[in-house]
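Have a look at the structure first, then read on.

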Amino acid sequence: MVGRDGVILFLKGLTKTFAGRPAVDAVDLEILEGELFTIVGPSGSGKTTLLRMLAGMETPTAGDIVLRGERINDIPANRRPTCMVFQSLALFPHKEVGANIEFSMKIRGIDAATRKRRALELMKLLRLPEAYYGRAVTRISGGERQRVALARALAYEPEILFFDEPLSALDYKLRKTLEKELKDIHRETGKTFVYITHSLEEAMVMSDRIGVMRDGKLVQIGTPQEIYVAPNSKFVSEFIGDVNIFPVRVTGPGKLVSGEVPGEIAGPPVSDGLHEGYLVVRPEFLRFLAKPEDADNHVVGRVYNEYALGSRIQYHVRAGELTFVLEKLRHEAFEGSLDQEVTIGWDAANSIVVPDR
Amino acid sequence: MSASGFRISAGGRSALPVLALLLIGFAVPLATVIGFSLMPARTFGLSHPPTFENYISIYESTTYISLLWSLGLAAATVVILILISYPVAYGLVRVFGRWSTLITLLFVIPLFVSENVRLYGWLLFFIKNGVLLGTLKSLFGVEWDSILFTKGIVLFGMVYVHIPYMLFPLTLGISMVPEETREAAFDLGASRWQVFREVELPLSLPGLIIGCLLTFVLAVGAIAESKVLGGQVVIPIAHDIEIAFTYAQNWPLGAALSVLLMLIVGVLVLLALRRFDLDRFLGRR
């Protein structure tokens with residue numbers, strides 16, 4: 001039951017079934033000391049159930065949860081050195097900001113003066129004004145409540161902090177701010193954070209490592225860079241966002257054939273044994289070509305529409321039945337008009353082939 | 001803008017039926033009772049010059065004994081109801097699961113039968129040679145004195161009759177405590193008992209307070225329990241009022257007693273509501 005050095009939390013075959021159906025299916029995972037690990041997956045993928053087992057609010061059906069070499073399966077949440085920030089935040093509405101933060105210290109029997117000092121320290125760390133100490137939690141804004149919830153969890157001095165999509169209810173701008181703030185707090189405190197979200201974008205911004213979950217299984221674990229550049233399946237590729245993906249057959253080294261794109265496609269090296277799969281090309285790797293020879297692969301189509309995405313512009317180019325998605329930075333926008341015939345293309349090195357699972 | 005220039009808004013028109021009902025159903029009778037309480041004793045009209053003689057005679061009489069009995073029994077009823085109903089309500093919300101509906105029904109169905117009929121049922125159950133004592137006597141040959149016509153059985157009757165009015169607001173109050181709030185407290189190191197004391201109890205207080213107010217107000221005016229089960233071993237204030245209006249044919253005295261009771265209960269309720277700010281508990285402020 002002893003994990004490797006630097007591993008704070010070690011999961012082995014962790015399973016939870018509800019009415020015979022596995023919500024979490026034999027998950028193996030090592031979470032490293034001090035990292036910000038994000039579990040990302042669509043709703044119903046089992047990520048909340050997994051997190052609730054780690055926090056002690058759900059009993060595993062099978063498998064082990066090992067915290068620093070100690071199996072903690074049977075330790076209830078109130079005796080685990082871990083703490084959770086809930087999606088609803090679950091602040092105590094009848095207590096003031098200060099009393100919310102001090103809750104765990106009061107439970108531990110710490111005297112009022114020490115409690116208050118510590119609470120004010122945490123409020124300062126989280127940039128909550130000192131005047132909020134005596135204010136009702138119902139009378140502060142959503143972002144401030146978020147910080148109170150985090151301060152309350154930090155006051156427990158947990159070994160690991162769990163986050164159950166705490167930002168999902170906030171508006172976009174505030175969410176973007178808090179994502180970064182959370183990453184800063186992670187740096188400041190040096191604690192291990194385990195975060196779950198359905199937004200891979202959110203996960204990318206914050207995480208040291210990401211685990212992608214699907215149907216109760218962790219399908220890929222890696223750094224944001226690894227997940228982005230080298231997704232290991234069609235599911236992960238599509239989960240990251242808009243992507244050009246179509247089925248291909250591998251006919252030889254660097255040679256692919258697709259039923260949808262005419263001709264032979266120059267592809268990347270493919271692992272042995274992979275004969276059928278999906279070719280994935282990210283929108284930013286597709287280019288408008290002056291001449292077809294400018295890229296390893298090219299397709300002729302018509303510009304169907306363009307969408308402004310802030311710093312980038314997305315184009316949909318239709319070639320027969322297929323729609324290709326391209327993205328350009330604003331300052332290098334496509335100069336032509338809609339319905340114009342264009343040649344687009346990509347290089348083999350910028351594409352990957354993934355299996356269908 | 002309407003042509004007539006004198007039109008009631010849609011909201012005002014919608015409020016008219018309620019206003020009429022309140023006026024005819026509550027304001028007029030209340031004003032009549034207050035009017036009668038200011039009439040000379042044993043008169044039957046509202047045309048006499050007003051006087052406070054009824055209030056003075058109440059002050060000089062021993063009516064305060066019935067009043068204290070009513071208030072005391074009502075207070076005891078509320079306390080016992082809290083102790084009985086909280087665990088049941090807690091169970092209905094958190095423990096009994098799919099049995100909750102059945103148990104709720106068992107509490108509701110007796111309400112379909114009139115209160116007096118139910119109390120006479122208890123009378124037959126407890127009476128000498130009745131269901132309880134008669135069965136014990138014929139089966140085991142033991143003979144006990146009936147507990148009927150004691151203060152204890154009056155209290156029992158009051159608790160029994162008023163259970164639903166405490167149980168259901170309380171059930172609602174407990175079910176309004178969010179699951180995640182309890183989990184958060186538990187996760188922050190609180191024991192089951194600390195979760196209850198620090199989170200569940202304070203957050204379910206609105207239901208508890210509404211239940212207390214409801215049962216207290218109803219129990220202060222209770223009369224049937226002492227009549228049917230108590231054999232008038234205690235005289236509640238409602239009984240004095242009834243006597244004044246019926247046997248004694250002294251409407252002004254009965255009216256004055258009613259006004260006094262309303263005042264006392266009104267003040268107590270207002271004090272309770274001020275002490276416990278419901279909105280604050282519900283997190284609206």
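Let's start where the chains meet: 18 residues from chain B and 18 residues from chain A make up the contact. Keep in mind that this is a predicted model.

**Where chain B touches chain A**
- On the chain B side, the elements that give two or more residues are α8 (179-187) and α9 (192-220) of chain B.
- The top contributor on that side is α8(B), which supplies six residues.
- By type, the chain B side splits into nine nonpolar, five polar and four charged residues.

**Two helices that meet in chain B**
- Helix α3 (residues 63-95) of chain B and helix α11 (residues 237-245) of chain B have axes that come within 7 Å and cross at roughly 135°.
- From α3(B), Thr63(B), Ser66(B), Leu67(B) and Ser70(B) meet Ile237(B), Ala238(B), His239(B) and Asp240(B) of α11(B).
- Sorted by type, the residues of this helix contact are three nonpolar, four polar and one charged.

**A sheet in chain A**
- Chain A has an open sheet of six strands with mixed pairing, in the order β6-β7-β8-β3-β9-β10.
- At its edges stand β6 (82-85) and β10 (217-222) of chain A, each with a single partner strand, so each has one side without a neighbour in the sheet.
- Ignoring direction, neighbouring strands here are turned by 20° against each other on average.
- Within the sheet, strand β3 (residues 36-40) of chain A runs parallel to strand β8 (residues 192-197) of chain A, and five bridges join them.
- Among the bridge partners, Leu36(A) goes with Phe193(A) in β8(A).

Note on methods:
Residues numbered from 1 in each chain as written. Chains lettered and ligands numbered in written order. Predicted model: local features only at pLDDT ≥ 70, side-chain atom pairs only at ≥ 80, totals over all residues. Contact = placed C-beta atoms within 7 Å. Helix = DSSP H or I, 4+ residues; strand = E, 2+ residues; numbered from the N terminus. Nonpolar A, V, L, I, M, F, W, Y, C, P; charged D, E, K, R; others polar. Axes fitted to C-alpha atoms, helices over the stretch in contact; angles between N-to-C directions. Pairing = 2+ DSSP bridges.
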